[in-house]
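These are my notebook entries on a structure that I looked through one topic at a time. I began with the place where the chains meet and then went on to single residues.

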Amino acid sequence: MARVVNQVRTLRFLAGEMTQAELGEKIGLTRQTIAAIEQGKYSPSLEAAFRIAQVFGKPLEEVFSWEA
Amino acid sequence: MAYREKTAWLTLVCMAVAYGIYFPMMALRETPPTLFDILWSFGIIAGTQAAVVIIGHIVLAAQAPGAAGRRPDERDKAIARRGASAAYYVLMAGAILVGVVMPFTEPPPKIVNTALLAIVIAEAVNHFLVLLSYRRGWHG
C-alpha cells in the first residue's frame with residue numbers, strides 16, 4: 001500500500017539526539033504526535049510537514065516522501 | 001498513554017458502567033416507567049457518572065499537569081473530528097427511529113428511553129473511535 005514515509009527519527013538523531021518533546025515544542029505539536037508521525041501512524045498536515053523540515057533546515061522532500 | 005487517551009478511556013468506561021446499569025434496569029421493570037421514574041433514575045445515574053468523570057479528570061490532570069493544560073494539536077483535533085462525525089450518523093439514525101418510526105408503534109416511555117439510548121450509543125461510538133485512532137493511528 002502506498003504511504004508517506006519520513007526521516008524524522010534520523011534527522012532528530014543527527015540534530016544531537018533532539019527529543020520528540022523538543023521537536024514538538026518547536027512546531028506546536030505534542031510528543032505523542034511526533035511519535036505517531038515517526039511510526040507512520042499519522043500523516044501530518046502540509047503546514048506541520050513544512051515546519052518539521054524547517055527545524056532541520058532541509059527541503060520537504062528530504063524529510064517526507066511518497067512510497068508507492 | 002497520552003492524557004487525552006486516558007480521559008477518553010475514563011469517559012467510555014464510566015458510560016459503560018452507568019448506562020449498563022440504567023438501561024437493563026429500565027428494560028427489566030415489570031410495569032412501564034413513568035416520566036418521573038425515567039427522569040429520576042436517569043438524573044441520578046447521569047449525575048453520578050458526571051461527578052466520577054469530573055473527579056477522574058481532576059486526578060488525571062494532577063498526574064500530568066503539563067499535558068492537561070496544553071491545547072489540542074492538529075492530530076488531537078483530527079481524531080476528535082473523526083469520532084464526532086461517526087457519532088453524528090449514529091445519532092441521526094436514532095433520531096429517525098424515535099422521531100419518525102416509534103411514535104406510531106411504541107408507548108412514550110419506550111420512546112424516551114430509546115432516545116436516551118441513541119444519545120448514549122452515539123457518544124460511546126465517538127469515544128471508541130477516538131481511542132481506536134490514538135491506538136492504531138489516524139491518516140485523515
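**Entry 1: where the chains meet**

I looked up the contacts between the two chains and found that 11 residues of chain B are in contact with 13 residues of chain A, where contact means heavy atoms within 4.5 Å. Before going on I noted that this is a predicted model, in which local features need pLDDT of at least 70 and side-chain atom pairs count only at pLDDT 80 or more, while totals for chains, interfaces and linings use all residues. I also noted that residues are numbered from 1 along each chain as its sequence is written, that chains are lettered from A and ligands numbered from 1 in the order in which they are written, and that side-chain values use heavy atoms, with hydrogens and water left out.

The area buried between chain B and chain A came out at about 1000 Å², with carbon and sulfur atoms giving 46% of that; buried area here is the accessible area (1.4 Å probe) that two parts lose on being put together, summed over both. I then asked how many residue pairs are in polar contact between chain B and chain A. The count is six, with both residues at pLDDT 80 or more, a polar contact being a pair of N or O atoms within 3.5 Å, where within protein one must be able to donate a hydrogen and the other to accept it, and residues adjacent in sequence count only if both atoms are side-chain atoms.

On the side of chain B that touches chain A, helix 4 (74–101) and helix 5 of chain B each supply at least two residues. The largest share, three residues, comes from helix 4 of chain B. I took helices from DSSP runs (H or I, at least four residues), numbered from the N terminus. By class, this side of chain B has two nonpolar, two polar and seven charged residues, with Asp, Glu, Lys and Arg counted as charged, Ala, Val, Leu, Ile, Met, Phe, Trp, Tyr, Cys and Pro as nonpolar, and the others, Gly among them, as polar.

**Entry 2: salt bridges**

A salt bridge is a side-chain nitrogen of Lys or Arg within 4 Å of a carboxyl oxygen of Asp or Glu.

One of them joins B:Arg4 to B:Asp76, with the closest N and O atoms 3.6 Å apart. This pair links distant parts of the chain, since B:Arg4 lies in helix 1 (residues 3–27) of chain B and B:Asp76 in helix 4 of chain B, 72 residues apart. Is B:Asp76 buried or exposed? It counts as buried because its relative accessibility is 8%, whereas B:Arg4, at 27%, is partly exposed; buried means under 20% relative accessible area, exposed over 50%, and partly exposed in between (1.4 Å probe, protein chains only).

In chain A, A:Glu17 pairs with A:Arg9 at 3.8 Å between the closest N and O atoms. A:Glu17 is partly exposed at 40%, and A:Arg9 is partly exposed at 38%.

**Entry 3: annotated stretches**

I turned to the UniProt record, an unreviewed entry, where "transmembrane region" covers residues 7–26, 38–62, 83–105 and 111–134 of chain B; annotations of this kind may be inferred rather than shown by experiment. In the model, residues 7–26 of chain B are 100% helix, with end C-alpha atoms 28 Å apart. Residues 111–134 of chain B are also 100% helix, and their end C-alpha atoms lie 35 Å apart.

For chain A, UniProt lists "domain: HTH cro/C1-type" (unreviewed entry) at residues 18–63. That span of chain A is 67% helix and 0% strand, with its end C-alpha atoms 15 Å apart.

B:Ser133 lies in helix 5 (residues 108–136) of chain B and is buried, at 0% relative accessible area. A polar atom of the B:Ser133 side chain lies 2.7 Å from the backbone oxygen of B:Leu129.

Last, I looked at B:Thr7 in helix 1 of chain B, which is buried at 10%. Leaving aside residues up to four places away in sequence, B:Thr7 touches B:His57 and B:Leu60. B:His57 sits in helix 2 (residues 35–63) of chain B and is partly exposed at 28%.
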